[in-house]
Amino acid sequence: MSRLWKIVLLVVAVLVVVFVGLRMAGGGKDKPSGEAAASGERGGPQADAGPVPVTVIEAQRQDVPVYASALGTVSAMNTVTVSPQIGGQLMSLNFREGQEVKKGDVLAVIDPRSAQASYDEASAAKRQNQAQLATARSNYQRSSAPEYAQYVAKTDLDTQRNQVAQFESAVAANEASMRAAQVQLQYTKVTAPITGVAGIRAVDAGNVVSAGTALVTLTQVHPIHVVFNLPERQLGDVRAAQQAGAVQIAALDRTDAHVISGDGTLDVVDNLISSDSGTFRARALFDNQANVLWPGQFVNVRLQLRTIGGGIVIPTQAVMRGPDGEYVYVVQADNTVKMQTVRSGVEVGDSHVQVTEGLKGGERVVSEGQFRLKPGAKVNALKPGQTPAAPTEAELKAAQQQNGGGRRGGGPR
């Protein structure tokens, strides 16, 4: 009996396994049908997505300036370290640090008493010798008169004439000593040799200074120089621009965000190309009346080499790059697009580029949305900043019907 039950249970188990296997096999056969239904719903006939909205810009013709750019350093046109030419006690400093002083202004005063005494001494010696010269001349004139000539020996007459010459030389030497003392007296007032901005003083009033002691440094800030380097391949263009006339140069801030000063001109091109860096040095001259440029400041230099007349300009973002080079999408009369190979030239501002080949001007070029395009695609041309119009109620209903029909047509049969 026990053995019989075991046989029955074994048969039931086999039947259950067979039944489950048949069900699984049947479900596997039905699955492709479901997948086909789903696939039919997703990949079945779809309504036309419509034209792709894109932003379109017309290729413009305009004069395009050609620039050369470099990093420059502002340098003073003249820098002078002011020092006294005589020694003595520094009585006063007559300037304020950071002040702009004019040429000839008195910057410092040195104790003048020693120089004044030397001048007075030379003046007194001159008056003494002048008196002796007057006496010698009177004696010589009296001795050489006809009524006294027979009573004066020739030797005495020669001696008197030589005394006159001797005192004349003494007076001339006194005059020279007076001029030297006067120069030393003038040196007690230290004057500004140039017009410029006074820096931080190097010595305080009351100190005893000697000839050559630095008092302050003056820096001329207007006009002012900007020195920069350019690659040697641009030397020909720079020299050609210089020969054609005044070369305009603008100084921009370190980020090229705005122009600091735009009144510069090319002053000189150095006569040597550096063999180490392959660059040559040039210098620009700026009027700098507003003192917007300061010695030691770093600026970006923009030098205008020439102007391209009637250049074709498009937005930079319209130019795409592919395996065959640069290209743009051009919108045709039927609002389909085609790929047009182009070659870009110089940059125009921060957002546009000049095209040297591929466009003639007037073409409608896609500037935004071109990543969704392929040749022959239909587009909805929009102006910059314009957005596509919202779909109408009829269009929404048509889309719903098309979507519903797609689902009905793609379900399981």
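Helix α4, covering residues 154-186, contains 33 residues and spans 48 Å from its first C-alpha to its last, close to the 48 Å expected at 1.5 Å a residue; the expected span is 1.5 Å times one less than the number of residues. The model is predicted, so local features need pLDDT of at least 70 and side-chain atom pairs count only at pLDDT 80 or more, while totals for chains, interfaces and linings use all residues. Residues are numbered from 1 along each chain as its sequence is written, and side-chain values use heavy atoms, leaving out hydrogens and water.

**Overall chain**

- The protein chain holds 6 helices and 22 strands, which are DSSP runs (helices H or I, at least four residues; strands E, at least two) numbered from the N terminus.
- Of its 413 residues, 29% are buried, meaning under 20% relative accessible area with a 1.4 Å probe, protein chains only.
- Among contacts (heavy atoms within 4.5 Å) between residues at least 6 apart in sequence, 75% join residues at least 24 apart.

**Helix α4**

- The buried residues of α4 are Gln160, Val164, Phe167, Val171, Asn174, Met178 and Ala181.
- Their cover includes helix α2 (113-143).

**An open sheet**

- An open sheet is formed by 4 strands in the order β7-β6-β4-β9, with antiparallel pairing; two strands pair if DSSP finds at least two bridges between them.
- At the edges lie β7 (189-191) and β9 (208-209), each pairing on one side only.
- Strand β4 (residues 88-93) pairs with β9 in the antiparallel sense over 2 bridges.
- Gln89 has Val208 in β9 as its bridge partner.

Terms used:
Buried < 20%, exposed > 50% of the residue type's maximum accessible area, 1.4 Å probe, protein only.
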